[in-house]
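Please find below a short note on the model under review.

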Amino acid sequence: MTPNVLNTDLTGKVAVVTGAGGVLCSYLAKVLARAGAKVALVNRSDAAILQYAAEINAEGGIAKAYKGNVLIKADMERIAAQVLEDFGPCDILVNGAGGNNARAQTDKEYFEPGDLEREELVTFFDLDNDGVNMVFDLNYNGTLIPTQAFAKHMIKSGGGNIINISSMNAFRPLTKIPAYSGAKA
């Protein structure tokens with residue numbers, strides 16, 4: 001197995017990582033497994049998390065993939081119950097699911113005089129409300145709902161840790177993606 005870069009022992013701990021089908025969170029899942037945690041990889045599509053769980057298990061870690069949408073409370077409750085049955089109560093929750101939507105971004109980085117007259121150009125004033133709402137929903141409720149589902153087990157077992165992954169864009173907004181800027185701070 002690859003070395004434990006966390007330099008800590010998580011043997012016996014259960015870690016749940018949402019958004020584990022992505023590059024960053026799949027790597028976090030692998031690092032947690034290398035530190036000894038049993039890892040539940042959660043994602044709305046299962047192709048990538050099945051592969052990542054297999055890679056973790058092949059390295060000698062313990063991992064399982066769970067398909068579910070962080071925006072659907074029933075999915076998160078079902079997965080929380082299954083993780084409890086498979087591994088025990090969640091000790092570490094990494095809320096890593098999130099993202100942006102093309103309908104919630106402008107075409108240009110900066111607004112310039114005359115942009116309002118250019119009908120082909122998407123400016124701040126043309127942002128699609130449904131796209132903006134989708135970004136807010138995913139990045140806020142996609143953290144809230146898994147926390148509601150898994151923190152119950154943490155409380156019952158006497159504690160745990162919740163790590164919320166956020167884009168640096170939440171701290172220094174980029175002009176083309178204002179919805180993503182304010183959704184997960």
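1. Basis of the note. This is a predicted model, in which local features need pLDDT of at least 70, side-chain atom pairs count only at pLDDT 80 or more, and totals for chains, interfaces and linings use all residues. Residues are numbered from 1 along each chain as its sequence is written, and side-chain values use heavy atoms, with hydrogens and water left out.

2. Fold. The protein contains 5 helices and 5 strands; helices (H or I, at least four residues) and strands (E, at least two) are DSSP runs, numbered from the N terminus. Their order along the sequence is β-α-β-α-β-α-β-α-β-α.

3. Of the 185 residues in the protein, 42% are buried; buried means under 20% relative accessible area, exposed over 50%, and partly exposed in between (1.4 Å probe, protein chains only). Among contacts in the protein with a separation of 6 or more, 67% are between residues 24 or more positions apart, where contact means heavy atoms within 4.5 Å.

4. Helix 1 and helix 2. The axes of helix 1 and helix 2 (residues 47–58) come within 10 Å and cross at roughly 25 degrees. Axes are lines fitted to C-alpha atoms, for helices over the stretch in contact, and angles run from 0 to 180 degrees between N-to-C directions. Helix 1 and helix 2 are therefore roughly parallel to each other (angles under 35 degrees count as roughly parallel, over 145 as roughly antiparallel, 65 to 115 as roughly perpendicular and the rest as oblique). Their crossing is right-handed, a term used if the near helix is turned clockwise from the far one by less than a right angle, and left-handed if anticlockwise. Ser-26, Ala-29, Lys-30 and Ala-33 of helix 1 meet Tyr-52, Glu-55 and Ile-56 of helix 2. By class, this contact has 4 nonpolar, 1 polar and 2 charged residues; Ala, Val, Leu, Ile, Met, Phe, Trp, Tyr, Cys and Pro count as nonpolar, Asp, Glu, Lys and Arg as charged, and the others, Gly among them, as polar.

5. Lys-30. Is Lys-30 buried or exposed? Lys-30, found in helix 1 (residues 23–34), is buried, with a relative accessible area of 16%. Not counting residues up to four places away in sequence, Lys-30 touches Tyr-52, Glu-55 and Ile-56.

6. Helix 3 and helix 4. Helix 3 (residues 73–86) packs against helix 4 (residues 129–157) at an angle of about 30 degrees, and their axes are 9 Å apart. Helix 3 and helix 4 are therefore roughly parallel to each other, and their crossing is right-handed. On the helix 3 side the contact includes Met-76, Ile-79, Val-83 and Leu-84, and on the helix 4 side it includes Ile-145, Pro-146 and Phe-150. The residues of this contact divide into 10 nonpolar, 2 polar and 3 charged.

7. Val-132. Val-132 lies in helix 4 and is buried, with a relative accessible area of 15%. Val-132 and Ala-104 are 28 residues apart in sequence, with their C-alpha atoms 4.8 Å apart in space.

8. Asp-9. Asp-9 lies in the segment before strand 1 (14–18) and counts as exposed at 57% relative accessibility. The C-alpha atoms of Asp-9 and Ala-35 are separated by 5.4 Å, while the two residues are 26 residues apart along the chain.
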